[in-house]
Amino acid sequence: MKKSKAVRFAEGAVSELSALIICFAAAFTAVITVGFIAVLLSGREITDGVVVTFYVLAFAAWILLFLLAKKSQRVRSLLGVEFVLKTINMRKIALIFMIIAILLVCFAIAHGLTSIGYAITGSMPEAQTSREFWSFNLLLWTFLLFLVKKFLWARLPFGNRFISRGEIVQGVAMTVVITAVILGGLVVAYFLAFVLYAIFMGQSVPEEGPPFFHLLWNYSGVLIFFLLRWYLKHSDFTRNIRLLSDVMNTLESIAKGDFSVRLNHSLKENEPFAKLVKGVNEMALNLEQTENMRQEFISNVSHEIQSPLASIKGFTYILHNDELTPEERKYFLSIIETETMRLSRLSENLLKLAALEADSVKFEPKPYRLDKQLRALILSCEPQWSEKKIKLDAFLDSVTVTADEDMMSQVWVNLIHNSIKFTPEGGGIQVDLHRNGNTVECKISDTGIGIDKDAQKHIFERFYKADKSRERAKKGSGLGLAIVKKIVETHGGKITVQSEPGAGTVFTVALPM
């Protein structure tokens, strides 16, 4: 989705601001550290003028370092900054600001109402510092927040929809965490500055808080900022949080129909989230392949249906011509009948394949003589192979299998018809049936046109036709072998193909006894 100018501006501003903060922290830390060492070595006293000098030098170093980072990749790598647009979630940021604004507004109203109440009683001056005043203030603030949550929050629109309860909880949690980190950092920095002041000055901090103490407080805050930044970049906890965020974003993209997304985290197999990342990537890949197959399936069905429909439409239009002879009319009607039968077969095969894939076909396996079935089917196809003067040999062992006889007959008829269809006149076909341990193998070989290696990888896919140039002549829909493969697999068997262009084809069906 294309980003608005406001979002792009905000992302650019965040990028520049983060670089400014990091450059300031680095420059301030370096200048103050070097300054402290220089003052200690020189034996000078740290006065207010020295503190001001530290601030001026730190500010100048900040500007210089920022300009160097703008121009030098080496400086950017050293500082760990990049001047690139940082992707931000405007909705979450705005939600946090909205929560903070509501907290502040409710607090201001509660403070004002409490002050008015104490002013009416005439005890306002001394109430400002009393425990009772702030207790009532806090209770009233809590009550106002409850009213906002109860009556107002659910009616606040945001973007193109209302704010959900989950977003409220997430926003409040993020606000609390951010506030806790900032306040905690300030408190820790204060105590660290207190200790450093005592070390440098040899005395406790005076009540008025001299500039040097505030400098140490700022210095401690910057050091804590660097420690937090290092922790957030390198800790396993932060990496896992970032990984979970990427997983959620990936799943959200998948839910919206984008199956091309992948998680690029390089995790070892024994790491906790390695299986999760692998599973999400495999799911996205499978969904992408399924979607591609669906699109291809729709395209193929449309093509297969459109071709006979175009023929029927064209010849139907010709039949309106009253000048046609009875022979011509009969010829055109026969073409229409052929195309109609072609549509019927296509529809029947689609329904059959769909039923097989949905496991809704009635499957009734029972023992029967497979050699007798093959012999009967070969004889039933005699008109086809005799017409092309094909020599057909059958070497059939006496074999009994437990299978659905009607379903398996579709397998053999399809394979035999394919061999007849793609074997030239005067060629040969051979059917071999024999046991091989606990399985039965049936090989149907021909001396036909053969199949190249690339086509063999797709030969059992729906609507795939290895001989594209002969589609029209062969009248096939490309569903036969897909149905064969599904029936064989339903019986717990396996079908394979071996072929070379111009050297014939061998289909091998292996079934359990």
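A salt bridge is taken here as a side-chain nitrogen of Lys or Arg within 4 Å of a carboxyl oxygen of Asp or Glu. The views below show a predicted model, and by this rule the count comes to four salt bridges.

**View 1. The salt bridge between Lys 485 and Glu 489 in helix H17**. The closest N and O atoms of Lys 485 and Glu 489 are 2.4 Å apart, which places the pair inside the 4 Å limit. Both residues belong to helix H17 (residues 480-490), where, being four residues apart, they are separated by about one helical turn. An α-helix has 3.6 residues a turn, so residues three or four places apart point the same way. Lys 485 is partly exposed, with a relative accessible area of 28%, and Glu 489 is also partly exposed, at 40%.

**View 2. The salt bridge between Glu 288 and Arg 262**. Glu 288 lies in helix H10 (residues 274-318), whereas Arg 262 lies in the loop between helix H9 (236-255) and H10, so the pair ties together parts that are 26 residues apart in sequence. The closest N and O atoms of this pair are 2.6 Å apart. Glu 288 counts as partly exposed at 26% relative accessibility, and Arg 262, with a relative accessible area of 29%, is partly exposed as well.

**View 3. The salt bridge between Lys 256 and Glu 252**. Here the closest N and O atoms are 3.5 Å apart. Lys 256 counts as exposed, with 68% relative accessibility, while Glu 252 counts as partly exposed, with 42%.

View 4. E8 and strand E9 (residues 505-512) pair in the antiparallel sense over six bridges, and Lys 494 stands opposite Ala 510 in E9.

**View 5. Helix H8 and its buried residues**. Helix H8 (residues 211-234) has 24 residues and reaches 35 Å from its first C-alpha to its last, close to the 34 Å expected at 1.5 Å a residue. Among the residues buried in H8 are Phe 212, Phe 213, Leu 216, Tyr 219 and Arg 229.

How values were computed. Residues numbered from 1 in each chain as written. Predicted model: local features only at pLDDT ≥ 70, side-chain atom pairs only at ≥ 80, totals over all residues. Heavy atoms only, no water. Helix = DSSP H or I, 4+ residues; strand = E, 2+ residues; numbered from the N terminus. Expected span 1.5 Å × (residues − 1). Buried < 20%, exposed > 50% of the residue type's maximum accessible area, 1.4 Å probe, protein only. Pairing = 2+ DSSP bridges.
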